[in-house]
Amino acid sequence: GGKMAPPRRVCVTGGGGFIASWLVKLLLSRGYAVHATLRDPCDPKNVHLKQMGEVRENLHLFKADVLDYDALTRAFEGCEGVFHLATPVPEDKIVDPEAGVLSN
Ligand SMILES: NC(=O)c1ccc[n+]([C@@H]2O[C@H](COP(=O)([O-])OP(=O)(O)OC[C@H]3O[C@@H](n4cnc5c(N)ncnc54)[C@H](OP(=O)(O)O)[C@@H]3O)[C@@H](O)[C@H]2O)c1
């Protein structure tokens, strides 16, 4: 048989976050190679990303604060798309995002 085509490659910023983690899992299950950016790849709260099973070789972790242009540029290299989910989510201000929108 011939060589397998290389996987399509995308970046997910803030890859350890709540929504981002599920997105990374979905993308891996669909055969994508994923560049996940994390502010601190060694933080124990990101360990679930490293445990994403059989497709782990398609997951690449990048240390990048979203305000660090050079670090982000490295994480985006070779990617055809970026899912930008890294964002400060202040617990004390956004209690219920939907209600916040509706009440304005
Ligand atoms: N969850 C919901 O129900 C919901 C509903 C509506 C809208 N949203 C929106 O969806 C987005 C993601 O929400 P979420 O619930 O997944 O939040 P989350 O779990 O707090 O994820 C946010 C991620 O952003 C990262 N981050 C924050 N500041 C950063 C910085 N300067 N550089 C790099 N990374 C940074 C955090 O990384 P660290 O771990 O390093 O802090 C965290 O992993 C937000 O915009 C939120 O408002 C969420």
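Modeller: The lining of the largest pocket consists of 11 nonpolar, eight polar and five charged residues (nonpolar: Ala, Val, Leu, Ile, Met, Phe, Trp, Tyr, Cys and Pro; charged: Asp, Glu, Lys and Arg; polar: the others, Gly among them). The model is predicted: local features need pLDDT of at least 70 and side-chain atom pairs pLDDT 80 or more, while totals for chains, interfaces and linings use all residues. Residues are numbered from 1 along each chain as its sequence is written, and side-chain values use heavy atoms, without hydrogens and water.

In total, 24 residues line the pocket, and Gly 14, Gly 17, Leu 85, Ala 86 and Thr 87 lie nearest its centre. A pocket here is an open set of points on a 1 Å grid over the protein atoms alone, where a 1.4 Å probe fits, with protein on both sides within 12 Å along at least five of seven lines; lining residues have an atom within 4 Å of a point. Its volume is about 770 Å³, taken as the space filled by probe spheres set on the points, which are joined across faces, edges and corners. The helix α1 (18–29) and the strand β2 (33–38) each give at least two lining residues, and α1 has the largest share, three residues (DSSP runs: helices H or I, at least four residues; strands E, at least two; numbered from the N terminus).

As for the ligand, 15 residues surround it, the closest being Phe 18, Ile 19, Arg 39, Lys 45 and Val 66 (a heavy atom within 4 Å). A ligand oxygen lies 2.6 Å from a side-chain N or O atom of Arg 39, and a backbone N or O atom of Ile 19 is 2.8 Å from a ligand oxygen.

Terms used. Polar contact = N/O pair within 3.5 Å; in protein donor to acceptor, adjacent residues only side chain to side chain.
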